Amino acid sequence: MSTDALRYQSGFGNEYATEAVAGALPQGRNSPQRAPLDLYPELLSGTAFTAPRHENRRSWLYRRQPSVVSGRYEAYAQPGWQTGADRSLALAPEPMRWHPIPFSGAEADFVDGMHTLVANGDAEAQCGLAAHVYLASKSMTRRAFVNADGELLVVPQQGRLVITTEMGVLEVKPGEIALLPRGVVFKVALPDSGQGAARGYVCENYGAQFRLPELGPIGSNGLANPRDFQAPVAAFETEAGGYELVKKSGGRLWRAPMKQSPFNVVAWHGNLAPVKYDTANFMTIGSISFDHPDPSIFTVLTSPSDTPGTANCDFVIFPPRWLVMEDTFRPPWYHRNLMSEFMGLVYGEYDAKPGGFKPGGASLHNAMVPHGPDQEAFEKASGADLKPQKLDNTLAFMFESRYRFIPTAWALQSPALDTDYADCWAGLQDKFKP
Ligand SMILES: O=C(O)Cc1cc(O)ccc1O
Ligand SMILES: [Fe+2]
């Protein structure tokens, strides 16, 4: 598959249709007695057949061999990739933070380089998510991956990724994100690997699929606009030879040999598709009067739970923006939240933690754990001249969930764990003047 001139189809959850060879898509029906070019029709369902129409996601793939043609699976060891909450862990209800997660020096591809930092919920119960960091130094070549446990939201922090999927190729760089549906086979190449390894964050969402948030009184435009999402056009590999398919299923990894490339889809149509999105296209809204608004105005995608407004996961970004609020403490307020907050930083500085939170690091503020600006941010913002100010060259993000996140043993034992994190608030004085 050539990546010279990647082409995309615009939109989020619309009915895409694409063929790498003209005439490969059947017309007027999905499954003719013999499909054009003798391809095999295969249905990929991302929701139950009977999901309401506005939530229903499925695509028809027309391929040289159906996915069922596969060797036998055997267990595959990847101890870094954990699934669901480990409730045996007694964890003090304290704020936690990690310095940039260091590269170990060990050669690893995107799958082997995946390390779970925190997880909640239960993949079998289809609720919750894991937040992973990938540390990858080599491309996947004759190796592909598929996840039956959840969809993957990939947030590159360092290095570009070329993500070859069954449905075509996506290229993403830091500042962009990729959303890979549950069940779609993909592999990840590192086009910049000569310049060092690739690092980024992944949200593995076991729950309802990410979708665009409701806009309410904002109206019919704004935040992440659907047309800025890009799905790939159909593309398939022609090189002969086998593959290893690694599959995550039931919290375990498995591998099977395949005689053919799984990237053999010649055409597809439907509304279930991998997509990419450039956060530079996010139409950011903020206060033009006073007060710091709730960060829900920065929601890019939301995975709802069965309680309205109480997300399984909100993917929220803190992009470059103007601050103009009058008589206002402009950074985030001190707060305690019912929801649990996992944060990462792609580049720049985060205004609540200008010194201590670094790109490639992470923080965790679980339900009702108090947090807010560190002392440095508090003092700067309480005395600042409130002229219009551009927060520029910055991109932080949050995976916010109704379920408490449990760090993994790997994250707790990591040298990147910032054991002095709470000291950033220790100097805040009682300045009350009765
Ligand atoms: O805690 C954080 O840094 C994230 C956050 C940002 C914000 O602007 C308001 C609330 C909130 O939880
Ligand atoms: Fe917060």
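In what sense do β7 and β8 pair, and over how many bridges? The two strands pair in the antiparallel sense, over five bridges. This is a predicted model.

## Strand β7 and its neighbours

β7 spans residues 114-119, and β8 spans 129-136. One link between them can be named: His 115 has Val 133 of β8 as its bridge partner.

β7 also pairs with β28, a strand of residues 406-407. That pairing is antiparallel too, with two bridges. Here Val 118 stands opposite Pro 407.

Is β7 enclosed or open? Six of its six residues are buried, so β7 is largely enclosed by the rest of the structure.

## The nine-stranded sheet

β7 belongs to an open sheet of nine strands. The order is β1-β16-β20-β13-β10-β15-β8-β7-β28, and the pairing is antiparallel. Strands of a sheet pair through backbone hydrogen bonds.

Which strands stand at the edges of the sheet? They are β1 (8-10) and β28. Each has a single partner strand, so one side of each is left without a neighbour in the sheet.

Elsewhere in the order, β16 (residues 229-232) pairs with β20 (residues 275-278). Two bridges join them in the antiparallel sense. Gln 230 has Lys 276 of β20 as its bridge partner.

## A further strand pair

β2 covers residues 16-19. Tyr 16 and Thr 18 make up its covered face. Ala 17 and Glu 19 make up the uncovered one.

β2 runs antiparallel to β19, which spans residues 265-270. Four bridges join the two strands. Thr 18, on the covered face of β2, stands opposite Trp 268 in β19.

The domain assignment divides the chain in two. Domain 1 takes residues 67-261 + 273-279, and domain 2 takes 282-419. Their C-alpha centres lie 23 Å apart. The contact draws 50 residues from domain 1 and 48 residues from domain 2.

On the domain 1 side, five strands each supply at least two residues: β6 (96-98), β7, β8, β10 (151-158) and β15 (198-205). β7 gives the most, with five residues. By type, this side of domain 1 has 28 nonpolar, 17 polar and five charged residues.

## What the UniProt record says

The unreviewed UniProt entry carries the annotation "domain: Homogentisate 1,2-dioxygenase N-terminal" for residues 7-278. In the model, that span is 0% helix and 39% strand. Its end C-alpha atoms lie 15 Å apart.

The UniProt record also places "domain: Homogentisate 1,2-dioxygenase C-terminal" at residues 281-432, again in an unreviewed entry. This span is 12% helix and 25% strand. Its end C-alpha atoms are 44 Å apart.

## Around ligand 1

Which residues surround ligand 1? They are His 292, Pro 295, Pro 332, His 335, Asn 337, Glu 341, Ala 352, His 365, His 371 and Met 398. The shell divides into four nonpolar residues, five polar and one charged.

How values were computed
Residues are numbered from 1 along each chain as its sequence is written. Chains are lettered from A and ligands numbered from 1 in the order in which they are written. This is a predicted model: local features need pLDDT of at least 70, side-chain atom pairs count only at pLDDT 80 or more; totals for chains, interfaces and linings use all residues. Domain bounds come from an automatic or database domain assignment. Two residues are in contact if their C-beta atoms, placed from the backbone, lie within 7 Å. Ala, Val, Leu, Ile, Met, Phe, Trp, Tyr, Cys and Pro count as nonpolar, Asp, Glu, Lys and Arg as charged, and the others, Gly among them, as polar. UniProt positions are given in the numbering used here, feature names are shortened, and annotations may be inferred rather than shown by experiment. A residue is near a molecule or strand if its C-beta atom, placed from the backbone, lies within 6 Å of it. A residue is buried if 20 or more other C-beta atoms lie within 10 Å of its own, exposed if 12 or fewer, and partly exposed in between; C-beta atoms are placed from the backbone. Two strands pair if DSSP finds at least two bridges between them.
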